[in-house]
Amino acid sequence: MKIRYFAWLKNITNTDSEEFNEPSIRDVDSLKIFLCNKYPKLDPYINKEKIVRIAINLEYTTTNDKLSFSDEVALFPPVSGG
Amino acid sequence: MIKIQKEDFNLENEISFIKSQHSNIGAVSTFVGYVRNINDKKNVTSIDLEVYPEMAEKSLLEICDQAKKNWKLIDILVIHRFGALNVNQKIVLVATFAIHRHDSMAACNYIMDYLKQDAPFWKKEYYDNDYKWLQNTTKTI
């Protein structure tokens with residue numbers, strides 16, 4: 001699956017997108033665990049402050065949705081448009 | 001109509017184009033957002049606006065669809081710019097077209113509120129020797 005990062009999250013991941021085909025990533029919660037292991041600096045924003053918003057295929061999600069290899073998942077901080 | 005673009009826009013031309021397609025418009029309400037020179041007591045020199053374009057378009061279309069359900073609207077135009085912008089430059093336009101002003105004004109406000117809350121844009125604000133990623137709060141929404 002394709003993971004995209006926006007705004008200052010890119011400073012932590014050093015990339016704006018990457019592809020994973022890890023069988024362990026089955027849903028949003030397992031993706032969060034995978035990403036926090038890969039990027040420990042993401043952990044406080046995902047799990048403590050809980051400010052990272054997640055979108056699957058361009059739709060916000062706040063639940064532990066199932067993921068498939070064809071999904072595009074985006075992680076981003078609070079928005080500031082307008 | 002949703003436009004996500006780097007280029008500046010001309011308010012009068014944008015309104016005139018949509019007006020020319022309908023003869024029953026009696027009210028047009030517009031909101032234009034600009035880059036201002038002071039934020040949080042700091043001198044702003046410029047901003048950089050990042051966007052998730054595919055999701056921004058979808059999100060804005062959904063907000064506009066909901067506005068059309070809530071009020072009697074003839075048309076809606078939203079333009080949101082991205083990229084490097086200087087102080088005094090335009091960031092966003094929301095224009096709502098209706099028969100009567102109540103519908104156009106209420107819908108314009110509604111669209112801006114939800115745009116600031118949900119549309120995936122991010123402002124990186126530059127100061128004299130520093131920068132900061134902004135975050136819309138209930139105060140700024």
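Predicted model: local features only at pLDDT ≥ 70, side-chain atom pairs only at ≥ 80, totals over all residues.
Colleague: Happy to start simply: in what order do the elements of chain A run from the N terminus on?

Modeller: Chain A holds three helices and five strands. Read from the N terminus on, the order is β-α-β-α-α-β-β-β.

Colleague: And why is chain A said to be as compact as a globular protein of that length?

Modeller: The C-alpha atoms fill a box of roughly 35 × 25 × 20 Å along the principal axes. For 82 residues the globule rule gives 12 Å, and chain A is as compact as a globular protein of that length because its radius of gyration is close to that, at 12 Å.

Colleague: What share of the residues in chain A is buried?

Modeller: A residue counts as buried when its relative accessible area is under 20%. Of the 82 residues in chain A, the buried share is 50%.

Colleague: How far apart do the centres of the positive and negative side chains of chain A lie?

Modeller: Chain A carries 11 positive and 12 negative side chains. The centres of these two sets are separated by 4 Å.

Colleague: Now the partner: which residues of chain B lose the most area to chain A?

Modeller: The contact involves 20 residues from chain A and 25 residues from chain B. Between them about 1900 Å² is buried, with carbon and sulfur atoms giving 54%. On the chain B side, three residues together make up 33% of what is buried there, and they are Y52(B), M55(B) and W122(B).

Key
Residues numbered from 1 in each chain as written. Chains lettered and ligands numbered in written order. Heavy atoms only, no water. Helix = DSSP H or I, 4+ residues; strand = E, 2+ residues; numbered from the N terminus. Rg over C-alpha atoms; globule rule 2.2 N^0.38 Å. Buried < 20%, exposed > 50% of the residue type's maximum accessible area, 1.4 Å probe, protein only. Lys, Arg positive; Asp, Glu negative; His and termini not counted. Charge placed at Lys NZ, Arg CZ, Asp CG, Glu CD. Contact = heavy atoms within 4.5 Å. Buried area = accessible area lost by both parts, 1.4 Å probe.
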